[in-house]
Amino acid sequence: MNFDNTKIAFSMKSKGDLRNAKLLFSVIQSPATVKLFKYLTNFALKIHFPVAWAVKPTLYRQFVGGETIEECGKTVQMLKNYNVKSVLDFSAEGGSSQKSIERAYNETLKSIKYAANNNAIPYAVFKPTAMVRYATLEKAARGMELSLEETQEIEKFRERIFSLCRAAWHEGVRILIDAEHYLTQDIIDNITEEAMETFNKERAIVFHTLQMYRKDRLEYLKKLHEIANEKGYITGIKFVRGAYMEEERELALKEGYPDPICATKEATDNSYDNGLRYVMENINSFELFSGTHNYNSNYLLAQLIEEKGIKRDDQRIYFSQLYGMSDNISFVLASQGYNVCKYLPYAPVREVLPYLLRRAEENTSMAGQTGRELKLIKDEIARRAKAHS
Ligand SMILES: Cc1cc2nc3c(=O)[nH]c(=O)nc-3n(C[C@H](O)[C@H](O)[C@H](O)COP(=O)(O)OP(=O)(O)OC[C@H]3O[C@@H](n4cnc5c(N)ncnc54)[C@H](O)[C@@H]3O)c2cc1C
């Protein structure tokens with residue numbers, strides 16, 4: 001299996017798509033350009049200057065499925081034609097007002113129902129912090145005294161998560177609970193454990209996300225497994241490395257607690273891969289969703305599936321990458337019969353801008369990622385030119 005097979009990797013991309021991607025990845029390679037773009041975008045948003053005309057044919061086209069669930073339908077179908085499935089991810093970031101919380105909640109419910117009627121969408125997903133005012137969650141996480149209203153808000157937060165998990169259980173759709181900042185994760189861990197205990201009796205419906213850049217997550221994984229065995233349920237695990245490393249390190253330094261993140265990239269890689277090994281060793285009591293663009297971790301999981309003699313399309317195991325990134329990994333794995341899905345973000349242009357800025361920044365700061373994408377895109381453009389000459 002070769003992830004650098006660009007013919008398979010970009011089989012869905014038109015010439016125009018590739019040209020757009022080449023230009024985009026060339027531009028976001030420069031941290032200074034991304035910084036400037038971030039500044040200009042934030043300024044444009046502040047003064048209500050229209051930005052859609054610049055963003056929609058570039059960043060948006062590369063990384064987003066559409067403004068609404070319905071608009072994503074075409075992309076979902078196109079991906080399905082290549083054996084790649086989708087996870088619809090409502091990615092609007094509209095602050096923590098009651099209105100935006102209600103909207104995120106209703107949108108997630110809608111996506112669960114949509115997934116129930118579409119076999120190209122094996123999971124629903126939500127960000128837990130979209131279901132509560134962040135300031136209240138943070139206060140609770142810090143153990144500060146809460147007013148009656150705030151206590152009710154936290155209770156409502158728990159109810160919303162449970163209600164989404166219940167809806168997913170009812171519809172027979174698996175649901176991923178994303179992981180975010182270290183500070184608030186304990187509260188989310190507790191609710192997720194409770195939800196897994198309630199809804200994962202026969203199969204995994206609720207999936208907990210473990211950020212393996214955290215020093216404590218491998219031990220936590222083993223503890224989760226022990227608890228699940230005692231209580232008799234299946235543990236749904238989504239592994240990621242973790243997206244907030246710089247912020248976490250800065251906060252730990254500022255507030256004087258030990259840095260929760262592995263000291264080196266190598267340690268994070270080992271933690272991720274050992275997590276994969278542990279779950280695959282005990283696959284009869286787990287379901288696994290591996291969210292990574294890392295070559296070695298993807299090769300490793302494929303290898304573990306072969307070694308254990310598990311069918312490649314065993315529904316307990318999925319590989320996943322973000323839409324617009326690492327298509328080479330997704331399409332090559334899918335062409336070999338493994339289960340693959342893309343996180344497919346959707347939201348109106350203005351509201352998805354923070355997500356897009358994060359993608360641009362992530363692609364810039366991740367050593368090698370943009371260079372790799374760009375090289376593969378150029379290789380494919382050259383391959384097609386040669387094939388037509
Ligand atoms: C499908 C999918 C879903 C995702 N969902 C979430 C989510 O719910 N929550 C979330 O936080 N992130 C999520 N992410 C993002 C993810 O956490 C990573 O930021 C991103 O995928 C890059 O990691 P990688 O494994 O793909 O690749 P790699 O390029 O191999 O790894 C980069 C990652 O390694 C870690 N790292 C880098 N340098 C160091 C260092 N010096 N020391 C220690 N660690 C280091 C960081 O986590 C960095 O993001 C998701 C990603 C995917 C593909």
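These legends accompany close-up views of one predicted model. Local features are given where pLDDT is at least 70, side-chain atom pairs count only at pLDDT 80 or more, and totals for chains, interfaces and linings use all residues. Residue numbers start from 1 along each chain as its sequence is written.

**View 1. Strand β8 and its cover.**
Strand β8 spans residues 340-346. Helices (H or I, at least four residues) and strands (E, at least two) are DSSP runs, numbered from the N terminus. All 7 of the 7 residues of β8 are buried, so the strand is largely enclosed by the rest of the structure. Buried means that 20 or more other C-beta atoms lie within 10 Å of a residue's own; exposed means 12 or fewer, and partly exposed lies in between, with C-beta atoms placed from the backbone. Both faces of β8 are covered. Val340, Lys342, Leu344 and Tyr346 are buried on one side. Cys341, Tyr343 and Pro345 are buried on the other.

**View 2. The partners of β8.**
Strand β1 (residues 85-90) runs parallel to β8, joined to it by 6 bridges. Strands pair if DSSP finds at least two bridges between them. Lys85 stands opposite Cys341 in β8. Strand β7 (residues 317-322) also pairs with β8 in the parallel sense, over 4 bridges. Here Phe319 stands opposite Val340. From β7 the chain passes through helix α14 (residues 327-335) to reach β8, a right-handed β-α-β crossover. Right-handed means that, with the strands pointing away from the viewer, the path from the first strand over the helix to the second runs clockwise.

**View 3. Tyr318 in strand β7.**
Tyr318 lies in β7. Tyr318 is buried, with 25 other C-beta atoms within 10 Å. Leaving out residues up to four places away in sequence, Tyr318 touches Pro122, Phe289, Asn339, Val340 and Cys341. Contact means C-beta atoms, placed from the backbone, within 7 Å. Ile187 is 131 residues from Tyr318 along the chain, and their C-alpha atoms are separated by 26 Å.

**View 4. Strand β5 and its neighbours.**
Of the 6 residues of strand β5 (residues 235-240), 5 are buried, so β5 is largely enclosed by the rest of the structure. Strand β4 runs parallel to β5, with 5 bridges between them. His208 stands opposite Ile237 in β5. The chain goes from β4 through helix α10 (residues 217-231) to β5, and this β-α-β crossover is right-handed. Strand β6 (residues 286-291) is joined to β5 by 5 bridges and runs parallel to it. Lys238 stands opposite Phe289 in β6.

**View 5. The shell around the ligand.**
The ligand is surrounded by 26 residues. A residue counts as near if its C-beta atom, placed from the backbone, lies within 6 Å. The closest are Asp178, Arg241, Gly291, His293 and Asn294. Two or more residues come from each of β4 (206-211), α12 (265-281) and β7. β7 gives the most, with 3 residues. By class, the shell has 11 nonpolar, 12 polar and 3 charged residues. Ala, Val, Leu, Ile, Met, Phe, Trp, Tyr, Cys and Pro count as nonpolar; Asp, Glu, Lys and Arg as charged; the others, Gly among them, as polar.

The domain assignment gives domain 1 (1-64 + 355-389) and domain 2 (66-346). The bounds come from an automatic or database domain assignment. The C-alpha centres of domain 1 and domain 2 lie 25 Å apart. Domain 1 brings 18 residues to the contact, and domain 2 brings 20.

Terms used. Contact = placed C-beta atoms within 7 Å.
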